[in-house]
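Please keep the sequence and the model in view while reading.

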Amino acid sequence: MGGRLMPIHTPVTWNVADTPTHTILNARIRDGINGLKALPLAVLRKTANQSISSGVHTAVTWNAEDVDSDGGHSTVSATERYTAQTAGWYYLTATVVFGGNANGRRDAYFRVNGDTSRRWGWNTQTPTTDATGADICMVISTHLHLDVGDWVEAIAHQDSGGALNVLTSNQDSRFQIMWVAQTDGDVRPLPDPKTWAPGIWSVAEMNVQMRDAEQFFLQPPLCIVRKDQSPQTLPPFSSDLVIWDTVVRDNNHFYDSSKPTRLTAQLAGYYLFTLQLQWLRDPVTDEPRYHRVQLFNQAGTVLETLLLFQNDMKQTNESYTSSAIAAMNAGDYAVARAHEFAPTTNQLAELDPSSTQYGCQMDMRWVSAL
C-alpha cells in the first residue's frame with residue numbers, strides 16, 4: 001500500500017486565553033495547511049488485460065498505483081478494492097475499456113462493501129454491428145460516503161456470449177478515488193483573506209480567518225439528490241425535467257422540496273455536476289434518448305447546457321452517467337432534463353433492486369471560486 005497521511009486536521013476555535021506560541025501556531029496553522037495540501041487520493045491502473053466471463057458481474061483488478069496517499073489499496077491482495085482509511089465523502093471516477101465485440105451489452109458501476117442492491121454511477125452501452133473490432137470505453141463517476149473500513153470496487157459486466165478482456169491502462173482503464181469532504185457539518189462562508197496590520201488581533205478575527213477558512217475547504221457545498229421512491233413517466237417525444245424525491249446530502253440549502261426539479265447555488269463558484277439516469281422501457285427498435293443539465297439564472301433564463309449524453313436505447317434498464325464543471329452565481333439553479341424520442345412512453349427508474357432498478361442521481365459540488 002501507499003504511504004499513510006496525517007489524519008484530517010480538525011479546525012480549532014481560538015479563545016481569549018490562547019497565547020500564539022510557536023507550538024500553537026504549528027498545530028493550528030501549519031498542520032491545517034499541510035492537511036489541505038494532501039487529502040486522500042488514489043489513482044489505480046491495470047498492467048495486464050483481465051478476462052471478464054459473459055454474464056458475470058466481475059470486480060476489476062488494479063495492480064499498479066500512480067498514487068495512493070492514504071494507503072487504501074494493495075497491489076498484493078484484494079487488488080480490486082479501495083478501502084477507506086479516512087471517513088468522509090469521496091468522488092470516484094473510473095474508466096473501464098472492453099475489447100471490441102458487437103454482441104450483447106456492457107455495464108460498469110461502483111459497488112460498496114459487496115452490496116449488490118446498489119449500482120453507483122452505473123453506465124451501460126450496447127454496441128452496434130460496427131463495433132466488432134472497436135474497443136468500448138465506459139466512464140463512470142459518483143460521490144459516495146465511506147466510513148473507515150468501507151471498500152469500493154469498479155464492476156464490469158458483459159453478455160456477449162463469450163469472454164471479453166478489460167484492457168490495460170495503455171487503453172486507459174483506471175480507477176481514481178479522491179476524498180472531498182468531511183462526513184458532517186454545514187458550510188462556512190467563503191474565506192475572504194484579510195491583510196493583517198500591526199496591532200492586537202481579536203479572537204473573532206482569528207476564528208474567521210483561520211478556523212472558518214479551514215473548515216470551508218473541509219466542508220465545501222455538496223448536494224446529492226436521488227430518484228428512489230417512485231418512477232417518473234416520460235410521454236412520447238417529450239423533454240421533461242427530472243423530479244428528485246430523496247436528499248442524500250445537502251449542506252448548503254441547494255434543494256427545496258417545493259421545487260423538486262432544481263438545485264440552487266447559494267454561493268458563486270465553479271461546480272462539478274454528475275448525472276445518472278436509468279431508463280426502464282424495452283424499446284421495440286433502437287431509439288435515441290439523451291439527458292442534459294441546464295443552468296438558469298434567477299430570472300429563468302438559460303445560461304448553459306452541459307452533460308449532454310445521447311445513446312440509442314437497445315435494451316431495457318439502460319443507465320447513462322456523465323459529468324462536467326460549470327460556473328454559477330448565487331441564485332442560479334441547475335435542472336436535469338430527460339429527452340424521450342420514442343413514439344411510446346418510457347420511465348425513469350426508482351430504487352427497486354429486485355427489478356434491477358437502481359434509481360437516478362444528480363450530484364452538485366463547489367470546486368472553486370470564480
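The points below are grouped by topic, after a short note on the source.

The model is predicted: local features need pLDDT of at least 70, side-chain atom pairs count only at pLDDT 80 or more, and totals for chains, interfaces and linings use all residues. Residues are numbered from 1 along each chain as its sequence is written, and side-chain values use heavy atoms, with hydrogens and water left out.

**Aromatic pairs**

- Rings of Phe, Tyr and Trp (its six-membered ring) pair if their centres lie within 6.5 Å; planes under 30 degrees apart count as stacked, over 60 as edge-to-face and the rest as tilted.
- The count under this rule is nine aromatic pairs.
- Tryptophan 62 and phenylalanine 175 form a tilted pair, because their ring centres are 5.8 Å apart and their planes stand at 45°.
- Tryptophan 62 lies in the loop between strand E3 (58-59) and strand E4 (64-68), and phenylalanine 175 in strand E12 (residues 174-181), so this pair ties together parts that are 113 residues apart in sequence. Helices (H or I, at least four residues) and strands (E, at least two) are DSSP runs, numbered from the N terminus.
- Tryptophan 62 is buried, at 0% relative accessibility, and phenylalanine 175 is buried at 0%. Buried means under 20% relative accessible area, exposed over 50% and partly exposed in between (1.4 Å probe, protein chains only).
- Phenylalanine 217 and tryptophan 366 form a tilted pair, 6.5 Å centre to centre with 55° between the planes.
- Phenylalanine 217 belongs to helix H2 (residues 203-218) and tryptophan 366 to strand E26 (residues 360-368), so the pair joins parts that are 149 residues apart in sequence.
- Phenylalanine 217 is partly exposed, with a relative accessible area of 40%, whereas tryptophan 366 is buried at 5%.
- One aromatic cluster is formed by Trp62, Phe110 and Phe175.

**Charges over rings**

- A charge sits over a ring if NZ of Lys or CZ of Arg is within 6 Å of the ring centre and within 35 degrees of the ring normal.
- Arginine 81 lies over the face of tryptophan 151, 3.5 Å from the ring centre.
- Arginine 119 lies over the face of tryptophan 122, 4.7 Å from the ring centre.
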